[in-house]
Amino acid sequence: MTIRSLIQEMRSRPHRVVHEAASTTPASEPFRWSELPDELLREILIRVETADDGDWPSRRSVVACAGVCRVWRMMVKEIVAVPELSSKLTFPISLKQPGPRGSLVQCFIKRNRNTQSYHLYLGLTNSLTDNGKFLLAACKLKRATCTDYIISLRSDDMSRRSNAYLGRVRSNFIGTKFTVFEGNLMPQTRSSKMVKSRSSNLMKVSPRAPSGSYPVAHISYELNVLGSRGPRRMRCVMDTLPTSLMHPQGAAASTPFLRSCSNNLRDPPLVLSNKTPRWHEQLRCWCLNFHGRVTVASVKNFQLVAVGDRETEQATSERIILQFGKVGKDMFTMDYGYPISAFQAFAICLSSFETRIACE
């Protein structure tokens, strides 16, 4: 059912507001979508929202409605629920919003060894035969003292000055500690210092202008001093997510850097740790239950759970917040849920690709 057919159906009913609007509008004037009554527009968009059951990109009709005009866009924002409630990724902003509470968003990562790039896709089905919907891309930049992973909304644009830039992951020299930086480049204001190049007449922005990037997570891998073989041990401190989010009545902050700006010592940051695997005597290997999402044994495979205090640790340690595992030579699954976002989950998984002799 198209939007025009829905409008005709609504107009056939004895709707008081519609008849009043139709009586005041001459028949000779062309029809304008922005002049629809709010009651009729809301009912149409609600029907489109409920009829579009699929995940992104099957929700293209909802996105199309938001692109009609400003009035429609504001109305769609009121109707469409966040991923935490709907379990759907509707708009690109959903990539920075917390995942669903009761389930995990199933994604997969494709690695390209030649270009040192990583592409994140939304798994539309349980099988990995589909191409999926492209979500994020990352590019590995090897430097003298560290390694950077640039995360972008576009696979062909990895510039930090681009509007598609979302953040980066930076490691230390030996690859045991990582810092996740999040934030788009802020638009240049009048206060930005402009300098003129001597070689050309182009005006350039001074590099001292703030870029708006801020740390949101710190990832550390435990050193294997004795050299004994075993699974990796990782710990993620989510600087912008308080521990209270794991409580049943907790709600994710709408502003990502709300926690970093307020020094609230009574509400410590959320800490994630990998779930300890069990040793299988018959298979002679470490095992974790990935519920069929991981098929290849690898030291990179992990499941992250929340680390709480003594009263809540038993309840929170059983729920998987992020799991990552290998299913092919350059294919990996990534499933994430509340309270982390797709961007944060992707950044944590990128740290697992770094080869670290000191931890293995």
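## Cysteines

In this predicted model, the cysteine sulfur closest to that of Cys107 belongs to Cys349, at 9.3 Å, which is too far for a bond. A disulfide is a covalent bond between the sulfur atoms of two cysteines. Here the two sulfurs would have to lie within 2.5 Å to count as one. Seen from the other end, Cys349 is in no disulfide either, with the sulfur of Cys107 as its nearest cysteine sulfur. The structure as a whole holds zero disulfides.

Are these two cysteines buried or exposed? Cys107 has a relative accessible area of 0%, so it is buried. Cys349 also counts as buried, because its relative accessibility is 0%.

## Aromatic pairs

A pair of aromatic rings is described by the distance of the centres and the angle of the planes. The model has nine aromatic pairs. One of them joins Phe108 and Tyr121, which are stacked, with 5.4 Å from centre to centre and 15° between the planes. This pair links distant parts of the chain: Phe108 sits in strand S1 (residues 105-112) and Tyr121 in strand S2 (residues 117-122), 13 residues apart. Both Phe108 and Tyr121 are buried.

Strand S2 also supplies Tyr118, which pairs with Tyr149 of strand S4 (residues 147-152), 31 residues apart. The Tyr118–Tyr149 pair is tilted, with centres 6.0 Å apart and an angle of 55° between the planes. Tyr118 is buried at 4% relative accessible area, and Tyr149 is buried at 0%.

Which residues of helix H5 (residues 70-79) are buried? They are Trp72, Met75, Val76 and Ile79. Viewed down the axis of H5, these buried residues fall within an arc of 100°, so they line one face of the helix. An α-helix has 3.6 residues a turn, so residues three or four places apart point the same way.

The other side of H5 carries Arg70, Lys77 and Glu78, which are exposed.

## A nonpolar surface patch

On the surface, Phe173, Ile174 and Leu223 form a nonpolar patch, with about 340 Å² of accessible area together. Ile174 counts as partly exposed, because its relative accessibility is 46%.

Conventions: Residues numbered from 1 in each chain as written. Predicted model: local features only at pLDDT ≥ 70, side-chain atom pairs only at ≥ 80, totals over all residues. Heavy atoms only, no water. Buried < 20%, exposed > 50% of the residue type's maximum accessible area, 1.4 Å probe, protein only. Helix = DSSP H or I, 4+ residues; strand = E, 2+ residues; numbered from the N terminus. Arc of directions from axis to C-beta. Patch = residues over 30% accessible without salt bridge, like charges linked within 9 Å, V, L, I, M, F, W, Y side chains within 5 Å. Areas by Shrake-Rupley, 256 points an atom, 1.4 Å probe, with all protein chains shown as cover. Salt bridge = Lys/Arg side-chain N within 4 Å of Asp/Glu carboxyl O. Phe/Tyr/Trp six-rings, centres within 6.5 Å; stacked < 30°, edge-to-face > 60°.
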